[in-house]
Number of protein chains: 2
Amino acid sequence: MLKGNAIIAQSGGPTAVFNNTISGAIKRFMEKMPDSKLYAGLYGIEGILKENIVDLSYQSRFFLENLRYSPGAGLLSCRYKVQPEDHKKLIDICKKYNIRYFFYNGGNDSMDTAYNTYLAAKEMGYEMRIIGLPKTIDNDLVITDHCPGYGSAAKFLATTVMETGYDLISVSTKNKVTIVEAMGRDAGWVTGAAALAKRDPDDAPHLVYLPEVPFSLDNFIEDVDRVYSERGCVFIVVSEGVNDGMGHYVADGGTKDSFGHVQLAGAGETLKRVIEQRLGLKVRCNTPGTAQRSSLHFASKVDADEAYMVGEKGVDFALEGESGIMVTLDRISNDPYICEVGKADLSKVANRVKGVPVEWITPDRNFVTKEFLDYVRPLIMGEAPINMKDGLPLYVKIDRYKGLV
Amino acid sequence: MLKGNAIIAQSGGPTAVFNNTISGAIKRFMEKMPDSKLYAGLYGIEGILKENIVDLSYQSRFFLENLRYSPGAGLLSCRYKVQPEDHKKLIDICKKYNIRYFFYNGGNDSMDTAYNTYLAAKEMGYEMRIIGLPKTIDNDLVITDHCPGYGSAAKFLATTVMETGYDLISVSTKNKVTIVEAMGRDAGWVTGAAALAKRDPDDAPHLVYLPEVPFSLDNFIEDVDRVYSERGCVFIVVSEGVNDGMGHYVADGGTKDSFGHVQLAGAGETLKRVIEQRLGLKVRCNTPGTAQRSSLHFASKVDADEAYMVGEKGVDFALEGESGIMVTLDRISNDPYICEVGKADLSKVANRVKGVPVEWITPDRNFVTKEFLDYVRPLIMGEAPINMKDGLPLYVKIDRYKGLV
């Protein structure tokens, strides 16, 4: 058994069940390594580099026990691309606190960070086990069947589309078009999950557009016109990342984040204007935005439980001697749904993305197939528990000064 | 006891608990008047005028029992302004089906419709008891302490602001501003309820703008700049109806609906652009839109129960001989919260609106006072039950052809 301390940190945009993974890891590590310290790097790698690090044993039991029932990034998160000159500093900080276990919870970019940390430690001859703990509502990490956080985003969006669909369809007004803009960047996983809301042909959504196939404005207008003629109303779900297949986004803000990704916003608003101009129909655009990645009040129990398990198993893998890996979720069977935990080399995960298979999008490019729905349905089952107080959720926050090194 | 049949219909935008009121009225009328027919006018008054009317006894028991656990307008709704020439036709249709009880469930405009129907029946010497059943998330009906539907919208928005607030505050990125645009037209009741999410000074929301006081773009930018300097992030909730106090809306689409109301949309998007231009901060605008009036999956139990009671008591009042009234909710005490059902003359309700009292908005016009929060808090307590199937809510729809007259 490698003796020493551990650090855990979160990076990137939160998911509703982000803190389940952290909680699973914290509980497991504290149980198995009672003589080691468990540090949290606040604000991810950016905080670790500034030694913004707390010893978690100083946090209240109330916080530690209820962290998993709280949204956001419980250990605080960052969007920071590690620079080559950061690597030595990072390993020196790990040495300073005798950190031998390094758990990094995030998406693609975070797995890149974890992988580079793994390489840096190796190069510097410092023994440290580095485990990537996946999360992303975008569901675009490779090798893993799906990502913790995705099921809850899927459940939230499908529920919202069902409810706002009832709203749209049950009111007789002229010019009834609702657009919902879904998150997911260049992956249509969240967007496509909205189709779960449709139980009858009348039900919302009527049209669903994913970024994995080229988006044609002319075909889109034809689709909307046809559905409106047939039904008198149209419910559309569109991915924020729809594009023409040649790098031109429907909504290209023109700005880029610190990883060089184009910042997307406004596909829904843009299409609203196009419909209004070309078809003369009045359109409402709902943009749930970050509610898609934070709605723990109706999150998936399967997702929350799997996220927790990923944290536990990440610790198990590290203690068994694994390093340079990301924990994966491996679907064993779909009916009954059975999912086990596996692992993948970080080198094979970092900076790669997995979109929705094109064959899971209908040939007319405006809906998803039964295969897609069969894939996502098991992931939204059950409701994750939360605490309530005065009619609203009771969520907890870390005390950034307790146990500060 | 006035013998004869009854009709019930819904009008205007749905609320999450719209169908509780209808369900309360249907159950009570069927119990008390077993020998009478109970008709539903589909698509409100617009449908009644077209004799789009169903005898509810033909609907399935499953539908009737689960209607209250479903969002949208269960009997289908309209936005139709009754014209003077419609009145005779309407009363003639009531005569044709021997309708002696007329229950109309809606907001301000619907109460106007109910009042005009009352006057028309009177003028034509046709004995018919007309009861207005209130609903509106806008909470702007006069005399009643609050409106069925409001508590659930308040709970939804406060929950969403709390969860997306955790998302915003827990991630360290530069230029962090989130705007949530809230519904409510010219009333700030829904917007102000977002302030319930704030339990600590750090919590979202940091700034809340209601339409009852003049909105100044310069003061707004000063507020945002100050909060950003202090906290490094800003969470703003803004009413769709913010305006300069002289009829100029921040977002004036320039279009009007069939009642002549200006169609509002885009205050959030407009302010996003202003912040980006003037302060150089990157802003995300979440627009939950119609989710505010349809999110039954996390609706207030107090609201749902009161909505149901309003339907029951509306029938009781009619059978006791009342007519030309709207059912009201009268708050007897706040702690413990006790609320009883009363009544108000439709003539005193129709076409009037009640905004948030200006003294419940802070002097710097960017938050609400404790009095506001004490008013709204009892209305969001508990969670209304729903049915679930395959990880999503199970909602019901009327069969528009069963029992069609």
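**Loops, domains and the chain interface**

Reader: Where is the place of I143(A) in chain A?
Author: Helices (H or I, at least four residues) and strands (E, at least two) are DSSP runs, numbered from the N terminus. In chain A, the place of I143(A) is in the loop between β6 (129-134) and α6 (150-169).

Reader: Before I go on, what kind of model is this?
Author: Residues are numbered from 1 along each chain as its sequence is written, chains are lettered from A and ligands numbered from 1 in the order in which they are written, and side-chain values use heavy atoms, with hydrogens and water left out. Local features need pLDDT of at least 70 and side-chain atom pairs count only at pLDDT 80 or more, while totals for chains, interfaces and linings use all residues, as this is a predicted model.

Reader: Which residues does the cis peptide bond with omega about 0° join?
Author: Most peptide bonds are trans. Here, P205(A) lies in the loop between α7 (189-193) and β9 (207-209) of chain A. The cis bond with omega about 0° joins A204(A) and P205(A).

Reader: How far apart are the centres of the two domains of chain A?
Author: The bounds come from an automatic or database domain assignment. That assignment gives domain 1 (5-136 + 297-351 + 383-393) and domain 2 (150-296) in chain A. Taken over C-alpha atoms, their centres are separated by 32 Å.

Reader: Which residue forms a salt bridge with E383(A)?
Author: A salt bridge means a side-chain nitrogen of Lys or Arg within 4 Å of a carboxyl oxygen of Asp or Glu. The count between domain 1 and domain 2 of chain A is one. With the closest N and O atoms 2.8 Å apart, E383(A) pairs up with K155(A).

Reader: How much area is buried between chain A and chain B?
Author: Contact (heavy atoms within 4.5 Å) links 64 residues of chain A with 65 of chain B. Buried area is the accessible area (1.4 Å probe) that two parts lose on being put together, summed over both. Carbon and sulfur atoms give 55% of a total of about 5,200 Å².

Reader: How many salt bridges are counted between chain A and chain B?
Author: D200(A) forms a salt bridge with K397(B), and their closest N and O atoms are 3.2 Å apart. The count between chain A and chain B is six.
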